[in-house]
Amino acid sequence: MENLLSSTPSHSTLPEHFVFPADQRPPASTRTVSLPVIDLSRGRDEVRRAVLDAGKELGFFQVVNHGVSAEAIRDMEAVCEEFFRLPAADKAPFYSEDTGKSNRLFSSTTYEIGGEKYWRDCLRLACGSPVGDTKNDWPDKPQKLREVVEKFVEPTRGVGMELLRLLCEGMGLRPDYFEGDLTGGHVIINVNHYPPCPAPGLTLGLPPHCDRNLITLLLQGAVQGLQVSYKGDWINVEPVPNAFVVNFGHLLEIATNGILKSIEHRAMTNAAVARTSVATFIMPGADCLIGPAEELVGEGNPPRYRSVTFDEFMRVYKIVGARRENVEKAFKL
């Protein structure tokens with residue numbers, strides 16, 4: 001529990017174990033490219049094209065007018081920030097370094113690169129369907145946390161499922177291809193908290209990584225910090241009020257035989273203010289077999305990835321790490 005960054009009122013110096021080697025420190029971004037912002041209330045044909053084009057070009061985009069109410073988003077952001085402001089004694093019962101626990105509070109990282117740690121705390125919640133079946137071991141403070149998360153996660157999952165349907169239509173798959181086992185696992189919520197950092201140029205909040213799920217929807221909040229890899233550089237993702245930043249996990253890349261790619265991204269720190277983001281991950285069931293869709297392979301377009309159960313994928317992912325080239329090498333034919 002003493003490792004929790006948010007339990008210290010302020011940090012005047014950066015502890016040595018957060019300092020990265022010089023060749024791994026975050027260089028300044030020079031790209032001015034902006035992520036597409038897609039209005040999901042527009043006509044279906046227009047939205048379908050925009051989602052598929054953005055997915056192929058950048059692997060990242062933002063969506064607005066998505067149907068999750070501004071109130072649900074505002075309450076979710078507020079209760080998550082409130083959680084990290086709680087006294088250490090209130091957070092201590094939920095803190096765990098056991099990576100096998102579905103629900104826990106932890107600090108630093110899940111991606112091992114050596115002795116260095118990353119400048120973030122994380123509250124991880126596994127949400128079943130219905131959510132009420134899985135929230136008994138969630139924190140009971142703040143008082144409204146369980147109610148707020150439950151009201152947020154169901155409509156947010158619905159946005160992810162609708163985006164998957166749009167992608168299916170654009171690629172020639174049946175619209176419900178990703179329903180059932182492929183999206184039948186728990187929805188995972190990661191509330192990432194990045195306290196003000198005394199030396200942002202020496203460390204990272206999260207390292208360059210690819211997600212391990214199908215699709216991710218991120219509330220990045222009003223404070224900039226997310227960066228996306230693009231043509232050898234990094235794009236700063238500008239915050240858009242009430243928008244979700246959407247990206248594809250490596251499992252979606254496998255399922256689409258590489259048509260849609262999982263793109264590396266990272267989290268920067270800053271010295272001035274804390275940043276709290278909420279990532280929603282849509283996951284397969286543990287025994288689900290994921291492989292290239294039959295409709296997307298054929299003569300002249302062979303399978304690029306081997307089929308793998310989600311359990312096996314996770315075991316390999318934890319061994320090889322989250323960098324794109326390592327994950328791709330592990331599963332590419």
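Colleague: How much space lies in the largest cavity?

Modeller: This is a predicted model, where local features need pLDDT of at least 70 and side-chain atom pairs pLDDT 80 or more, while totals for chains, interfaces and linings use all residues. Residues count from 1 along each chain as its sequence is written, and side-chain values use heavy atoms, leaving out hydrogens and water. A cavity is a set of points, on a 1 Å grid over the protein atoms alone, where a 1.4 Å probe fits but cannot get out. Filling the largest one with probe spheres set on its points gives about 340 Å³.

Colleague: Which residues lining it are closest to its centre?

Modeller: The lining (residues with an atom within 4 Å of a point) has 28 residues. By class, 13 are nonpolar, nine polar and six charged. Closest to the centre are Leu206, His209, Asp211, His265 and Phe281.

Colleague: Now the helices: how do α6 and α7 lie relative to each other?

Modeller: The axes (lines fitted to C-alpha atoms over the stretch in contact) of α6, residues 310-320, and α7, residues 324-331, come within 10 Å and cross at roughly 135 degrees. Angles under 35 degrees are roughly parallel, over 145 roughly antiparallel, 65 to 115 roughly perpendicular and the rest oblique. That's why α6 is, relative to α7, oblique.

Colleague: Which α7 residues make the contact with α6?

Modeller: Contact means heavy atoms within 4.5 Å. By class there are seven nonpolar, one polar and no charged residues in it. Phe313, Val316, Tyr317 and Val320 of α6 meet, on α7, Asn326, Val327, Ala330 and Phe331.

Notes
Axes fitted to C-alpha atoms, helices over the stretch in contact; angles between N-to-C directions. Helix = DSSP H or I, 4+ residues; strand = E, 2+ residues; numbered from the N terminus. Nonpolar A, V, L, I, M, F, W, Y, C, P; charged D, E, K, R; others polar. 1 Å grid on protein atoms, 1.4 Å probe; cavity = no way out; pocket = protein on both sides within 12 Å on 5 of 7 lines; lining within 4 Å.
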